[in-house]
Amino acid sequence: MHKAITKFLDKIRSWKHSDRARRREQVSRLFRFKYTCFKDLLASNTELLNIITDLEEKLRGQEVFGMSYVRSQSTRALFHALRMVKSLDDLSGHRYASLFGVVDRLNEAIKEELGKRKELPVSEWVLPYSRITRDMVDWVGGKNANLGELRNRVGVPVPEGFAVTTRAYQFFLERNDLIDEINRKRMDLDVRDPMAVNQVSEEIQRLIITAPVPEELQKTILQAYDEMAARARGIDALTNGQPRVALRSSAIGEDSELSYAGQYLSVLNVTRDRIIDTYKLILASLYTPRAISYRLNKGLRDEDIAMSVACIEMVPSVASGVIYTRHPFNPIEDNIVVTAVWGLGPYAVDGVITPDMYVVSKDLDFTLIESRVSAKPVQLVANPTGGLSELPVDESKQHVPCLSREQIRTLAEYALNLERHYNYPQDIEWALDPSERLLVLQTRPLHLESLQKADEKTFPIVEGYPLVVERGVIAFPGVGYGPAAHIHSQEDLLGFPEGAVLVARHSTPEYVLVMQKARAIVTDTGSITGHMASLAREFGVPTILDAKVAFAGIPPGADVTVDAYSGRVYLGKVEELMGLQRTRESLMKDSPVFQTLRKVADVIVPLHLVNPRSPNFTAEHCETIHDLMRLVHELSYREMFQISDMVSDNAEGGALKLVAPIPLDLHIIDLGGGLQDVSAFSSRITVDNISSIPMKALLKGMLLVGTHMRGPRPIDLGGFLSVMREQMFQPNSVAERFGDRSYAIIADKYLNFSSRIGYHYSVLDSYCGDTVSKNYITFSFKGGAADEVRRNRRARAIAQIFQALEFVVEVREDRVDARFYKYERAITEEKLDMVGRMLQFTRQMDMLMHCDATIDALAQSFLSGDYDLDRVLACAPEQNAGS
């Protein structure tokens, strides 16, 4: 009998455990759906910011692009805008269906601009460099377009070569019926499944490599090679009259936002008989696992990424090197720097040997200012049978200059012509062939701002000027000089002086109000993909973010020089940097494709909805995709903040009770990754089970010894009577929003915390991870048991604390709303810790707020780390309780 009862009780317990686990999963699934929508929204928000940043870079006019780029980025921008709207609509229970109409309106505006651009398509499979310019980038890719531009419009000598166009690539796919087969294999591919991506990649590459190149295409490519060989001079005798070539990928959008550097294949030292097979290998590199994953993650379509191939004469370099049209490590020096090594160029940049270095003036005579000849014991050369080898340099040449004075002058002249053509400093690769031809192999913009991660030896400090910011992140490069204007609040923007340098703790798009006046912007925090950084690029304001110490270190009103190349700020006017304040001209500004990009970008890039508190912050006032993104992002915060409204109705039986020494009946709902080492049948957890980053930070503050009292709060008689009076005459004045429990909905980087203690409530929503642009804290506090005056005093004390913690704060009667966003993880965790302390410190405080003096006393006490309320209140001066 006893055994039967025990068995029966075990079944009951097992049923209860199973039911609890089942209920927990149901509740978790409900909130997990909303959190997934929120994460998708944040992911598309990040992608849109990257797209906008890339468009702004192209609008500077220093990079070659074509209509494929414009169409692809437009498609991506619309895709991510639609995804953000759908995620918000799903998250809210379909309360934002009207935003789909905004996407449709913006889509029509972009389609109208794209429809105005009439393109003259290239039909040839092969084009020699003598016929190529940058305008053909859609059919020959960036590498080929740049070499054609150098040869035909700048007039500098380049190696012989030709482009196998994207038309040839399309013909190859069509003739072998590969387009539908490739699409079929890619269909429903999950980018999160590496094994599936690898398998699909292998299958598609095999299809391409094993497919025959149509005979007429083979004949056209080899005929182009033979014509190139006939034109080439200085042919190496070992090649038997057939120069080896380099076959390089020149895909549409390569080395831009549509791909990343080195994503596709290039093969050096290719013989004539290997050209066709090598061509197929390069086409197949469009479908390597990393290339497929990149496009899927970026929302890129395969039709936007066609492959052209550059077939370039391999120059058997006697010497080679790099030219910089401004000193690469010290932009103060506006001279040309030429480096040189014997043999092929990689040894000039890879650090294998120290190259010769020549510094040349930009005067009419190209005066040689400095010449350093290094020991060059080895060189890199091309093997007759293919590949590259390191060989010793003849001893008689190891300490001899690679270039004569006249050759140095010729290279300097080429470099200055290129800088003038592109209206921007250039980074140029060159080679000297056996017949003493000096050839330009490649040129690209010399992005001085990209050197900010270098140490002081490679980017020296300008001596003689106090340095107040040693290193920040560059949002827009340049130099600005003027008096420092510190911005504490939006009111400070109203009197912002013309020609000042804006200095602030945090970046915000509201600074757009003064960007026309500002010479530069420096903020302690911020992201280069944020809204304000985008506006800074649009207005061309030199901007440094994440300077950390600018607000405290730069004296208000002091003249400062902002060097947004090195990320430094100096006190005073640094005359040596003033030469870098030049206006940039755009290489492509007169081209039809640039004008199309400008008009399309006008529907994507500008931001008008900069202030969430403005009455115009609505869907009706969204003029651009950036506006829509900003609006949806802001609304998503509000939706996630209100998720706590669902908790009490849905969480019963599905949450785990937290056992911890805090005066809360706190229950946890895990959306995934927020808890660790918890049994499926558990009903309780401890602090050690918490793995959520923001929840751990909040609990750290709540558990701090001294922030909360075991016993009752000290009683002020007037406050006590105020509470009794409110409850007697207005028993329903404060709604019991969450019942008796408090809840925390958590994930690995997310927290929604709703707390009800006594007669007040607070709600905190936070995301905290390693991506700065996603991090935020929103907090709301309302209510209390005392009268309205005392509740308002407590709200003002809480607001004062949040303001000191650098939150954006708004107070209305007894309600406080505070926001803190886009700070790095460590700082966000620190603020969550302080919020946890404040939640404990301010508990039942409204009845203690007997006079206005208690507001400052309590706030200052908390901020100084003194949590003893008896001592604080004893020190507060007595005033009339109604004051």
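This is a predicted model: local features need pLDDT of at least 70, side-chain atom pairs count only at pLDDT 80 or more; totals for chains, interfaces and linings use all residues.
**Second largest pocket**

The second largest pocket holds about 1400 Å³ of space. Its lining is made up of 42 residues, and those closest to its centre are Arg-613, Phe-807, Val-808, Val-809 and Arg-819.

The most is given by strand 30, with six residues. By residue class, the lining of this pocket has 17 nonpolar, 11 polar and 14 charged residues.

**Leu-78**

Leu-78 lies in helix 2, which runs over residues 67–91. Leu-78 counts as buried because its relative accessibility is 13%, under the 20% cut-off. Leaving aside residues up to four places away in sequence, Leu-78 touches Val-103, Leu-106, Asn-107, Ile-110 and Ile-625. For one of these, Leu-106, the separation from Leu-78 is 28 residues in sequence and 8.2 Å in space, C-alpha to C-alpha.

**Helix 12**

Helix 12 takes in the 18 residues 405–422. At 1.5 Å a residue the helix should span 26 Å, and its end C-alpha atoms are 26 Å apart, so the two values agree. Its buried residues are Gln-407, Ile-408, Leu-411, Ala-412, Tyr-414, Ala-415, Leu-416, Leu-418, Glu-419 and Tyr-422. After helix 12 comes Asn-423, which has a positive phi near 55 degrees.

Conventions. Residues are numbered from 1 along each chain as its sequence is written. Side-chain values use heavy atoms; hydrogens and water are left out. On a 1 Å grid over the protein atoms alone, a cavity is a set of points where a 1.4 Å probe fits but cannot get out, and a pocket is an open set with protein on both sides within 12 Å along at least five of seven lines; lining residues have an atom within 4 Å of a point. Grid points are joined across faces, edges and corners, and a volume is the space filled by probe spheres set on the points. Helices (H or I, at least four residues) and strands (E, at least two) are DSSP runs, numbered from the N terminus. Ala, Val, Leu, Ile, Met, Phe, Trp, Tyr, Cys and Pro count as nonpolar, Asp, Glu, Lys and Arg as charged, and the others, Gly among them, as polar. Buried means under 20% relative accessible area, exposed over 50%, partly exposed in between (1.4 Å probe, protein chains only). Contact means heavy atoms within 4.5 Å. The expected span of a helix is 1.5 Å times one less than its number of residues.
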